[in-house]
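Subject: Structure handover

Hello,

Please find the structure below, followed by notes on what was found in it.

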Amino acid sequence: MIPDEIGSATALKAIRLSMNQLSGPIPPAIGNLRHLNLLDVSGNMLTGSIPATMANLSACVKMDFSMNKLVGSIPEGLFALDTLEHLSVEGQSISEPNPKASVGMYILKDDAFDALIWNMDTSVV
């Protein structure tokens with residue numbers, strides 16, 4: 001479980017918690033970490049949805065939520081983040097976002113929409 005108190009560590013620049021067998025929800029308090037430029041919680045057993053507060057991470061370049069047990073949709077606020085270049089939600093039940101939100105972004109996915117990676121910069125992936 002990722003503790004809610006992580007949101008009070010406001011000087012954090014990177015969170016790498018991949019492959020740690022973490023369970024439970026992603027704490028919305030992570031959205032308090034305004035200096036965070038990397039969030040990697042891939043390869044765990046996290047449940048619930050991606051909190052809308054992740055859209056507060058205005059310095060974040062990469063977010064990796066892949067290979068968990070997340071459901072729901074990607075918060076549209078993530079698509080408004082100017083710095084976000086990479087968003088991965090591969091291997092779970094994440095629904096397709098509003099098509100208007102992804103205009104101008106490169107979207108790579110398989111036919112079943114179970115592998116989804118956005119590369120949000122202007123280069124071809």
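Is A9 buried, partly exposed or exposed? A9 is partly exposed, because its relative accessible area is 31%, where buried means under 20%, exposed means over 50% and partly exposed lies in between, with a 1.4 Å probe and protein chains only. A9 sits in the segment before β1. Between A9 and I30 there are 9.0 Å in space, C-alpha to C-alpha, and the two are 21 residues apart in sequence.

Some notes on where the values come from. This is a predicted model, in which local features need pLDDT of at least 70 and side-chain atom pairs count only at pLDDT 80 or more, while totals for chains, interfaces and linings use all residues. Residues are numbered from 1 along each chain as its sequence is written, and side-chain values use heavy atoms, with hydrogens and water left out.

The chain as a whole

The chain has ten strands and zero helices. Both kinds of element are DSSP runs numbered from the N terminus (helices are H or I with at least four residues, strands are E with at least two). Of the 125 residues in the chain, 42% count as buried. The accessible surface is about 6,500 Å², and carbon and sulfur atoms make up 54% of that surface; the areas come from the Shrake-Rupley method with a 1.4 Å probe, and for residues only the protein chains shown count as cover. A contact means heavy atoms within 4.5 Å. Among contacts between residues at least 6 apart in sequence, 45% join residues at least 24 apart.

The sheet

Four strands form an open sheet in the order β2-β4-β6-β8, and the pairing is parallel. Two strands pair if DSSP finds at least two bridges between them. β2 (23-25) and β8 (93-95) are the edge strands with a single partner each, so one side of each has no neighbour in the sheet. From one strand to the next, the twist averages 25°; axes here are lines fitted to C-alpha atoms, and angles run from 0 to 180 degrees between N-to-C directions.

The pairs can be taken in sheet order. β2 is joined to β4 (residues 45-48) by three bridges, and S23 has M45 in β4 as its bridge partner. β4 and β6 pair over two bridges, with T47 opposite K69 in β6. β6 (residues 69-73) is joined to β8 by three bridges, and the bridge partner of G72 is I94 in β8.

Two loop residues

Q21 lies in the loop between β1 (14-16) and β2. Its phi is positive, about 55°, although Q21 is not a glycine. Q21 is exposed, with a relative accessible area of 66%. M67 lies in the loop between β5 (62-64) and β6. The phi of M67 is near 55°, again a positive value in a residue other than glycine. M67 is partly exposed, at a relative accessible area of 45%.

The core

In soluble globular proteins, nonpolar side chains tend to be buried together. The largest nonpolar core here has 26 residues, of which I30, L39, M54, L57, M63, F65 and L78 touch the most other members. A nonpolar core is a set of buried Ala, Val, Leu, Ile, Met, Phe, Trp, Tyr and Cys residues joined through side-chain atoms within 4.5 Å. Leaving out residues up to four places away in sequence, L78 touches I50, M54, A55, M63, L84 and L87.

Regards
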